[in-house]
Amino acid sequence: MTIGEGRMVKGMALSLLMVSLICFSGQAAFAATDEENVGNAAAAKILAAAPLVKDAAVQEYLNLVGNGIAAGLQLPYRWRFGLIESDHVNAFALPGGVILVTRGMARLISNEDELAYVLSHEIAHVARKHHYKVVQRQRLAAKANTALESMGDGSLKDLAGASAQIYARGLDKSAEFEADRLGVEIMTRAGYDPAAALGVLDTLANVDGGDGKAEWLFATHPQPTQRIDQLVNAGIADLPPGKGMTSRAPRFGNFRARL
Amino acid sequence: MTGRGHLCWVSAIAALLISAPAFSQVFKLDSDLLASEGGTQKVATVKAGATAEVLERKGFWVRVKAAGQVGWVKVTSLQFGASAGGKVGIDTGRLSKGNIVASSAARGMSRGEFLDAEPDERQLAAMLEFAPATAEVDQFRTAGGLIARKITPLSAAPVAPAEPQSPQGNGGTPSGQAPKPKEKPSDDW
């Protein structure tokens, strides 16, 4: 190989490296932005049906609990938590880090540790990209579907319309069980009492299944008693209990009184 | 909607219409009923497969009525999903049927309302107003007695509900002890 040929090969290699870096970084940036766009679109649709509760104190408290849990995970999301005006019992995890909890769900919760479980379950969905992966799979598999094809264009309305279907149908049971398990781990690492997860599921198990307020939740999640069994079988009773619950009681009481 | 989608809806509606007879759970293991949660004083021994009426729960301990006796067992002794659908589990007393209103009276967001809604970007932007500073979050955690800690991850292996079993001659575990999951995942956050 001559010196000139060597320079040419080096130049080509350098160009390939630069192109690779640009593509990789571009793809990474697109992926992050796209995940957030998908989540924001779905969140905007949920918020249109059930707007934020107009009470800064409850929204700030929810964001302090949620960000306090998420801070320990060091995941690349801008976490936002919102309490929404709906008597229905539900909570939503949106790709990119938006978590929405209905007033109806919040009213069922009896202490901050139980709230931490609800938020941690939703954080786990985001962390594992459960909904976003479904969007990605549908983009690949359903090219004939006009709504899904247009998701690539990033129009908020089209994104929202297509991703909304995923929330209406729900995830696989396995994703819900995984969010339960990881949610319990996340809240326990943050210092909360893992037994509070069973408290929430106890309460949900006592909600009348035929009542319309929980219909969406029950249609998209495994039965609460199955979820308890899964957590017990996974070893939840071996986790360390929470401490300092009494110090959290007054501030949760203030939150609860405003619901 | 696909055929599978129809099937899911039919299944979901059917599940909602089935009403469970009671709050009964089933003992997975031969278990000692104890006089207090975490205590050592035995009230009675209950055989695997017996039904339990769950009265209350404290942490990972449950007070049950079984075989005419009342006592405490660890949650690992019971299979909570044993009842067939509907209203099951521990009656915490937090809910009464009087707190549940008809769906027509519930505000906001049935699935239909959600699917029909036009996206509202202003509401989304408003969420950012409530994002706390890192220092505020730290102060909040400290005030609440929250200390970050390391834990052993839970088992990721899907575990089928355990069949009730007796310790005698079939490798069962002592009272109050569930079979330990063997697989431990690495959920390193």
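**Helix α11 of chain A**

I looked up what the buried residues of α11(A) pack against, and found α4, α8 (173-189), α9 (195-205) and α10 (215-220) of chain A together with β7 (78-79) of chain B. I kept in mind that this is a predicted model, in which local features need pLDDT of at least 70, side-chain atom pairs count only at pLDDT 80 or more, and totals for chains, interfaces and linings use all residues. Side-chain values use heavy atoms, with hydrogens and water left out; residues are numbered from 1 along each chain as its sequence is written, while chains are lettered from A and ligands numbered from 1 in the order in which they are written.

I read "buried" as under 20% relative accessible area, with exposed over 50% and partly exposed in between, for a 1.4 Å probe and protein chains only. Helices are DSSP runs of H or I with at least four residues, strands are runs of E with at least two, and both are numbered from the N terminus. Nine of the eleven residues of α11(A) (residues 224-234) are buried, so this helix is largely enclosed by the rest of the structure. I noted the buried residues as Pro224(A), Thr225(A), Arg227(A), Ile228(A), Asp229(A), Leu231(A), Val232(A), Asn233(A) and Ala234(A). Just after the helix, Gly235(A) takes a positive phi of about 105 degrees.

**Arg227(A)**

I then checked Arg227(A), which lies in α11(A) and counts as buried at 5% relative accessibility. Its side chain makes a polar contact with the side chain of Tyr117(A) at 3.4 Å; such a contact is a pair of N or O atoms within 3.5 Å, where within protein one must be able to donate a hydrogen and the other to accept it, and residues adjacent in sequence count only if both atoms are side-chain atoms. Taking contact as heavy atoms within 4.5 Å, and leaving aside neighbours within four places in sequence, I found Arg227(A) in contact with residues including His121(A), Phe177(A), Asp180(A) and His221(A).

**Helix α4 against α12 and α2**

I turned to α4(A) (residues 112-127), which packs with α12(A) (residues 245-257) at an angle of about 75 degrees, the axes being 8 Å apart. Axes are lines fitted to C-alpha atoms, for helices over the stretch in contact, and angles run from 0 to 180 degrees between N-to-C directions. The pair is therefore roughly perpendicular, the class for 65 to 115 degrees, whereas under 35 is roughly parallel, over 145 roughly antiparallel and the rest oblique. Glu112(A), Asp113(A) and Leu115(A) in α4(A) meet Met245(A), Arg248(A), Arg251(A), Phe252(A) and Phe255(A) in α12(A). By class, I noted four nonpolar, no polar and four charged residues in this contact.

The axes of α2(A) (residues 56-70) and α4(A) come within 10 Å and cross at roughly 60 degrees, and these two helices are therefore oblique to each other.

**Asp113(A)**

Where does the side chain of Asp113(A) reach? I found that it reaches the backbone nitrogen of Asp193(A) at 2.8 Å. Asp113(A) is in α4(A) and is buried, with a relative accessible area of 2%. Leaving aside neighbours within four places in sequence, its contacts include Met187(A), Tyr192(A), Ala196(A) and Arg248(A).

**Chain A overall**

Last, I noted that chain A has twelve helices and three strands, and that 61% of its 259 residues count as buried.

Definitions and conventions. Ala, Val, Leu, Ile, Met, Phe, Trp, Tyr, Cys and Pro count as nonpolar, Asp, Glu, Lys and Arg as charged, and the others, Gly among them, as polar.
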